[in-house]
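Let's walk through this model together, one region at a time. Keep the sequence and the 3D view open side by side as you read.

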Amino acid sequence: MAKKADTGDTKSIKQEQLKRDTVDYQDKPMTTRQGLKVNDTNSSLKAGPRGATLLEDFLLREKIHNFDHERIPERIVHARGSAAHGYFELTESIEEYSKAGIFTDTSRRTPVFVRFSTVAGSKGSTDLARDVRGFAVKFYTDEGTWDLVGNNMPIFFIQDAMKFPDLIHSVKPEPNNEIPQAASAHDTFYDFVSLTTETLHNHIWVMSDRGIPRSYRMMEGFGIHTFRLINKKGEAHFVKFHWKPELGVHSVTWDEAVKISGADSDFHRRDLWDAIAAGQFPEWELGVQIIPEADEHKFDFDLLDPTKLIPEETVPVKIIGRMVLDRNPENFFAETEQVAFLPGNIVPGIDFTNDPLLQGRLFSYRDTQLSRLGSHNFHQIPINRPVTDAHNNQRDGHMQMEIPKGQTAYFPNSLSGGCPYLNSVAEGGFESYQERIDAKKIRTRSESFSDHFSQPALFYRSLAKWEKKHVANAYSFELGKCNHDHIKERMLWIIAQIDTDLAAEVAENLGMQVPKSIEKPINQAVGADADIKAHQPGKKQIYLKKSPKLSQANTVFESIATRQIAFLVADGFAMKGFDAMKKALEKEKAVVKLIAPHGGMVTCDSGMEHKVDASIMTTESVLYDAVYVPGGEKSIDRLGKNSKCIKFINEAFKHCKAMAFEDEGRELLKKSAIKNSTEDKALFLNEKPKDFISAIAKHRNWERMEKAEAIAV
Ligand code: HDD
């Protein structure tokens, strides 16, 4: 059993296991794959220096053969991602609900591997696409591997796995011209969404700031489906899983997202890597919402419907553990690319429900690994191997890496003494929950799934004013990119079912009217004999006025740890103020970056040289969380003549960031579009670092939003 380490030593069983498979080429001679020492890897074997290459050249053939097969198919969804190792610790046992060791043993430290991702884009696409983010956690538990394969939003687009290929085909680049990449803003997606109103709830989350996170480290995670917990007595409770980030939930604006995509399309990947490399380990709490089986039908929606969340105000989230990511992978391909998550990987004490989306996923993930990883033995790849030993009679096939001993590969057997032997439930053998089933076999959708409007409306009502504005802008942008008016009209009618003012604002931006009705029923195209009624959206209900927990305005605003602060400097900048500000920010674990008109070194007014982190030519304002400009006449004069520097300041203001100017630094402010803005809660002129720090912790000054809109950059 992996025990919690008392010291800083966090080495886990998984880490030790991976270490055995890690190859270190340092101080080693170059060899072929067969171990033959190589003395030339630069030229092929030829008939004379200018002659034809010989077929005999086995060295060339081996090298090129490997190169020709280096790529594997990318994931059909969630192709773009980044991952890290870490651990999970239980802080409170929930023994009364679950017998899983991971939920009962508070002394354990369970190794995890977590992969974050976007959904729609290809492997090389931008991190900052407006999209759902995947949040997949592999727990290497003592009882076998458990995968919680979730997203950063608590609901999903569709209710039945049968529709997943349609959803994905609609959002992926259009099949005739393969446009657009990593973007939902196109006709086929909105054609599908507007004909499939069950998508609305997840869709409005994507239109909100949740669709463009500031960092993977600043996202919530959700298991989405209702799962079951099973205790020692065999009793079941329903459960929803939540990950809550220590740093709070924060996002960038759409204008920034677009610009970050150009300035650094690896922004989230780099952010995660750099934070871990700097010892700033991202951390989440694991929370559960637990519902007694007897309460299954007490809700205004169906617990099996994955397009519904249970408001935290209705069932509070109980925090039971913490997850820390403390190690970057050694090799992206071997670990991050080859990791295979399977929602079907569970352990005793956790079980599924009949959520029809979850049921389909149980098949799909195992199946897809065959196309992606090429062999059903993908579980033997080091990153996918459990930390428990695996013994069974499954044998052979492509890329078998083990050498199973003995005469038998069947059960029952007497020739091997009945081994590998079966385990009773008391010995930890897995037993599916004995759910009573008495039903007709039928291809339909339960009518209890038909409420498509109440929760998108609840989400929208719960947002702060600035969040609502962002949603209206996002709808306007996305629909503005569609070419077909009938699709936009259908969407406007649907948005009006969420909120009429929202629909009116979007319609105005599109130069259209919100239609009073639509010609044909929504979801008309469900199939010849299909149960059209079951696919029609029900009437909107208001069972909860607001759910404040859904708004990012109510997240954590405590820390500035890992926030990137741009210090704009040129030769001659004043040390007065600079040093105190730098020390104060670094004390709070923020990252100070010196940005200057040139690379190399920059000299302050006391003659000291300081290393420039980025020349202003190579960086952009959108990559930083806040800006500080120290004084120094010479420095400010130089910066004031640099138009990129003025743009840097204008953009930081536009994006509502905290900004501080010292002494002559204020002259730079005058040259910018901001001029002399006073009474701005995140704009500081010769003020104490303390105030600047608390403004950075608030992430953005959204009160500035209207004024900021007017800034043209
Ligand atoms: Fe899925 C990958 C999350 C529904 C089929 N999915 C994948 C990943 C995440 C999710 C995070 C990336 C895992 C990784 O990092 O390797 N998917 C979800 C969530 C869903 C969901 C939260 C609904 C609640 N997915 C879903 C359905 C199907 C799939 C209904 C098919 C019926 N998903 C896949 C897949 C992928 C995948 C095609 C692609 C690569 C992979 O599995 O390993 O099988």
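This is a predicted model: local features need pLDDT of at least 70, side-chain atom pairs count only at pLDDT 80 or more; totals for chains, interfaces and linings use all residues.

Residues are numbered from 1 along each chain as its sequence is written, and side-chain values use heavy atoms, with hydrogens and water left out.Helix H20 itself spans residues 689-697, and its buried residues are Phe692, Ile693, Ala695, Ile696 and Ala697. Here helices (H or I, at least four residues) and strands (E, at least two) are DSSP runs, numbered from the N terminus. Buried means under 20% relative accessible area, exposed over 50%, and partly exposed in between, with a 1.4 Å probe and protein chains only. An α-helix has 3.6 residues a turn, so residues three or four places apart point the same way. The buried residues of H20 pack against strand E11 (564-568), helix H16 (578-587), strand E16 (626-629), strand E17 (658-661) and strand E18 (683-685); contact means heavy atoms within 4.5 Å.

Now step back to the overall layout. The domain assignment gives domain 1 (81-191 + 210-369), domain 2 (451-553) and domain 3 (557-708), with bounds that come from an automatic or database domain assignment. Between the C-alpha centres of domain 1 and domain 3 there are 36 Å. The two are in contact through 17 residues of domain 1 and 18 residues of domain 3.

Next, turn to the ligand. Which protein atom is the donor of its iron atom? Tyr365 (OH), at 1.8 Å, is the only protein donor. Donors are N, O and S atoms within 2.8 Å of the metal (3.2 Å for Na, K and Ca), and water is not among the atoms, so sites may look incomplete. Tyrosine 365 sits in helix H10, which covers residues 356-373.

Around the ligand there are 22 residues, the closest being Arg75, Arg115, Arg361, Tyr365 and Gln369; a residue is near a molecule or strand if one of its heavy atoms lies within 4 Å of it. Three of these arginines are worth a look in turn. Arginine 75 has a side-chain N or O atom 2.8 Å from an oxygen atom of the ligand. For arginine 115, the distance from a polar side-chain atom to a ligand oxygen atom is 2.7 Å. Arginine 361 places a side-chain N or O atom 3.3 Å from a nitrogen atom of the ligand. Strand E3 (133-141), strand E4 (144-151) and H10 are the elements that give two or more residues to this shell, and H10 gives the most, with six residues. By type, the shell divides into 11 nonpolar, eight polar and three charged residues. In this count Ala, Val, Leu, Ile, Met, Phe, Trp, Tyr, Cys and Pro are nonpolar, Asp, Glu, Lys and Arg are charged, and the others, Gly among them, are polar.

Two aspartates deserve a visit as well. Aspartate 105 lies in the loop between helix H3 (101-104) and strand E2 (110-118). Aspartate 105 counts as buried because its relative accessible area is 15%. Its side chain makes a polar contact of 3.3 Å with the side chain of arginine 108. A polar contact is a pair of N or O atoms within 3.5 Å; within protein, one must be able to donate a hydrogen and the other to accept it, and residues adjacent in sequence count only if both atoms are side-chain atoms.

Further along, aspartate 127 is in the loop between E2 and E3. Is aspartate 127 buried or exposed? With a relative accessible area of 1%, aspartate 127 is buried. A polar atom of its side chain lies 3.4 Å from the backbone nitrogen of phenylalanine 267. Leaving aside residues up to four places away in sequence, aspartate 127 touches several residues, including Arg80, Arg133, Tyr216 and Phe267.

Finally, some backbone details. Most residues other than glycine have a negative phi, and most peptide bonds are trans. Phenylalanine 411 and proline 412 are joined by a cis peptide bond, with omega about 0°, and proline 412 lies in the loop between H10 and helix H11 (454-462). Another cis peptide bond runs from cysteine 419 to proline 420, with omega near -5°. Aspartate 27 has a positive phi near 60°, and at 73% relative accessibility aspartate 27 counts as exposed. Aspartate 663 also has a positive phi, of about 40°; its relative accessible area of 22% makes aspartate 663 partly exposed.
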